[in-house]
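Visitor: I'm new here, and I'd like a friendly tour. Could you show me the structure before we start?

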Amino acid sequence: MRRWPRIAVTVVFVVHGLLFASWTAHIPDIKDHLGLTDGTLGIALLGAPLGAVTAMLASAYLLPRLGSRRIVQIMLVGYCAAGPLVGLTGSLPALMGALFLWGAFQGSLDVAMNTQAIAVERAGRRMLMSGLHGSWSIGSFAGAGIGALAVGAGIALTPQLLVLSTLALLGAGLLTTRMLPDAAEPRGAAQDSPGAGQHSPTASRWSGGMVLLGAIAFASMLCEGATADWASVYLAGPLHATGVVPGLGYAAFSLTMVIVRLSGNRLLTRYRPDRLLPTLAVVATIGLAAGLLIGRPGPALVGFACLGIGLASVVPAVFSAAGRISGLHPGTAVATASACGWAGFVCGPPLIGRLASLSSLPAALGLLPVLTAFIVIASSLAPALKFQSGRDGQPDDTTTLSALRDVQTPPSADNSQAGPV
């Protein structure tokens, strides 16, 4: 019974990454077709993350009322329908508007599928989030490859996305009927971790524990966004790398991130997040700082690979931890963490550019190991990360109770109103 919900949410993660990544290879053609400059293209591309952040904030309101299963179904249809519109635009405002709409469905689906992942984790009493985010990465790699093949074959964006969206709806759409309600709890959860999953209607989404998780997500995704946009520029510019080497910076980062995420379920089952995340972040801090200080292409590539190792498990662990904060609906918590993370992703590239204009690009990239050092400290202190799923898949009662004492809001006087969400 638990296998089908796990398969369903995994497929949705793959589809989410595949559809959006499949359009990236078409960006140069769309730029030429609309006669955009680098600057105006950058403005248009802001549409998707702005739409995503806006929708994530709205999802915090909708998810407790409709549930993640219903939101996944609605947003999956919208996501598949809105994508082909991007290829039909004929002007800069139309492109930005289409990307805003597509990004809004993408952001809402992102929050809903992560909330559903928390429900599946609870039902199966297993750590799954890191592996699911690894599945998303695999989907995005496949999507990027499909997009490149389509461009090479002369297939435009709209027909490509129509085909992929139809297949996605037939596959993932049907599987969503096997998803779980958000209230799903593992049998005996109440005995294993008293108070876990109980949500007070007066709990604040901006409690200290939630703000700290949001700050960790912000720092992590700022580093990710900055690496995506500036790694190749750094290698080709200040380090004078040529040929395929500049493109290997983000590739090294992405490869190590996928490897760690695919093994993350086992790591997070064996080690508590408040111990694992700081350890991995130390690797990122030392590795990237050393690569930047040496200032040569080889060490820089190793540094970006270390950064991928350090950040791989941060967002999955933060989302799982957010879903465990007592007194807050998992959907609201995940939406808040997602919005903070995406805000960092959007701010990262222009912030690095601004710092580079004031000093130099190597000095600006020095902000990244500073942020990973912050993750070392913050993830070791975050109460919601002081949790471990035992090797047999059962929650560790000692660490669970310790975390709950730190993050739990005072119980309501009427316990009959509190229950798993």
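Visitor: What should I know before reading the numbers?

Guide: Residues are numbered from 1 along each chain as its sequence is written, and side-chain values use heavy atoms, with hydrogens and water left out. Local features need pLDDT of at least 70 and side-chain atom pairs count only at pLDDT 80 or more, while totals for chains, interfaces and linings use all residues, as this is a predicted model.

Visitor: Which residue does D274 bridge to with closest N and O atoms 2.8 Å apart?

Guide: A salt bridge here is a side-chain nitrogen of Lys or Arg within 4 Å of a carboxyl oxygen of Asp or Glu. The structure holds two of them. The one with its closest N and O atoms 2.8 Å apart joins D274 to R272.

Visitor: How many residues apart in sequence are the parts that D274 and K386 tie together?

Guide: The side chains of D274 and K386 meet in a salt bridge at 3.5 Å, N to O. D274 lies in helix α13 (residues 273-294) and K386 in the loop between α18 (367-381) and α19 (397-407), so the parts they tie together are apart in sequence by 112 residues.

Visitor: Is K386 buried or exposed?

Guide: Buried means under 20% relative accessible area, exposed over 50%, and partly exposed in between (1.4 Å probe, protein chains only). K386 has a relative accessible area of 18%. So K386 counts as buried.

Visitor: How are the rings of W23 and W102 arranged?

Guide: Rings of Phe, Tyr and Trp (its six-membered ring) pair if their centres lie within 6.5 Å; planes under 30 degrees apart are stacked, over 60 edge-to-face and the rest tilted. By this rule there are seven aromatic pairs. The centres of W23 and W102 are 6.4 Å apart with planes at 75 degrees, so this pair is edge-to-face.

Visitor: Which residues form one aromatic cluster with W23 and W102?

Guide: W23 and W102 are both buried. They form one aromatic cluster together with F20 and Y79.

Visitor: Where does α10 bend?

Guide: Helices are DSSP runs (H or I, at least four residues), numbered from the N terminus, and α10 covers residues 208-236. A bend is the angle between axes fitted to the seven residues ending at a residue and the seven starting there. In α10 that angle is about 45 degrees, at W230.

Conventions: Helices (H or I, at least four residues) and strands (E, at least two) are DSSP runs, numbered from the N terminus. The expected span of a helix is 1.5 Å times one less than its number of residues.
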